[in-house]
Amino acid sequence: MNLLQMLKEDHDRLRNLLIEIESFDENAVEKRKKKASELFLELEIHIRLEEEILYPFARGAVDKNEKPFRGAIEEHQRMKKWMRKLKEMPPTDTDYKRLFSRFRKTLKHHLEEEERELFPRTEEALKKDAVSVHSRVLEFSSDLSGATE
Ligand SMILES: [Fe+2]
Ligand SMILES: [Fe+2]
């Protein structure tokens with residue numbers, strides 16, 4: 001599986017987690033919290049994979065000052081900040097609900113924009129460097145499994 005396919009699978013998993021969270025009753029606090037931490041962990045790893053591997057390779061194909069690129073990095077920053085805040089808050093808090101809904105909207109938009117703009121533009125650059133991209137992905141995965149062991 002290549003990097004873009006992996007990232008798209010992550011996107012689908014993230015979307016499914018959002019749908020699951022939305023399907024819970026408002027009062028199912030513990031369930032929401034548990035799913036939300038699953039989602040946050042998944043997204044944190046996904047963002048690292050993109051920033052450590054995809055984006056550096058994409059820089060050759062997309063000007064890093066260009067909107068889809070600059071915008072994506074800003075959104076990562078924003079979502080990371082929100083996730084830190086949400087982890088500290090009780091889900092019953094009205095601020096939690098407000099912030100989670102902003103987070104959800106930003107994430108949905110972010111996934112769509114990457115798939116529509118960034119991924120297709122980077123495909124060629126990734127193909128050209130397929131071997132080094134692949135070895136970077138392997139390195140990343142073994143770092144990750146080392147960290148969670
Ligand atoms: Fe992203
Ligand atoms: Fe992504």
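Author: Angles under 35 degrees between axes count as roughly parallel, over 145 as roughly antiparallel, 65 to 115 as roughly perpendicular and the rest as oblique. This is a predicted model, in which local features need pLDDT of at least 70 and side-chain atom pairs count only at pLDDT 80 or more, while totals for chains, interfaces and linings use all residues. Residues are numbered from 1 along each chain as its sequence is written, and chains are lettered from A and ligands numbered from 1 in the order in which they are written.

Reader: How many helices and strands does the secondary structure of the chain come to?

Author: Helices (H or I, at least four residues) and strands (E, at least two) are DSSP runs, numbered from the N terminus. Here the chain has five helices and zero strands, so that its elements, read from the N terminus, follow the order α-α-α-α-α.

Reader: At what angle do the axes of α1 and α2 cross?

Author: Axes are lines fitted to C-alpha atoms, for helices over the stretch in contact, with angles from 0 to 180 degrees between N-to-C directions. For helix α1 (residues 3-23) and α2, the crossing is at roughly 160 degrees, and the axes come within 10 Å; α1 and α2 are therefore roughly antiparallel to each other. Their crossing is left-handed (the near helix is turned anticlockwise from the far one by less than a right angle; clockwise would be right-handed).

Reader: Which residues of α1 and α2 make the contact?

Author: Two residues are in contact if their C-beta atoms, placed from the backbone, lie within 7 Å. Among those that qualify are L7, L14 and L18 of α1, together with L39, L43 and I53 of α2. By class, this contact of α1 with α2 holds 12 nonpolar, one polar and eight charged residues (Ala, Val, Leu, Ile, Met, Phe, Trp, Tyr, Cys and Pro are nonpolar, Asp, Glu, Lys and Arg charged, and the others, Gly among them, polar).

Reader: How far apart are the axes of α2 and α3?

Author: The axes of helix α2 (residues 29-58) and helix α3 (residues 67-88) lie 11 Å apart, and the two helices pack at an angle of about 155 degrees. That makes α2 roughly antiparallel to α3, and the crossing of this pair is left-handed. The contact includes F40 and I47 of α2 as well as M79 and M83 of α3, and its residues divide into nine nonpolar, one polar and three charged.

Reader: How do α3 and α4 pack?

Author: They pack at about 155 degrees with axes 10 Å apart; α3 and α4 are therefore roughly antiparallel to each other, and they cross in a left-handed sense. Among the residues that meet are F69, M79 and W82 in α3, and F100, F103 and L107 in α4. The classes in the contact of α3 with α4 are 12 nonpolar, two polar and six charged residues.

Reader: Is L111 buried or exposed?

Author: A residue is buried if 20 or more other C-beta atoms, placed from the backbone, lie within 10 Å of its own, exposed if 12 or fewer, and partly exposed in between. L111 sits in helix α4 (residues 94-128) and is buried, since 20 other C-beta atoms lie within 10 Å. Leaving aside residues up to four places away in sequence, L111 touches H11, L14 and R15. In the chain as a whole, buried residues make up 17% of the 149 residues, and its C-alpha trace spans about 50 × 35 × 20 Å along the principal axes.
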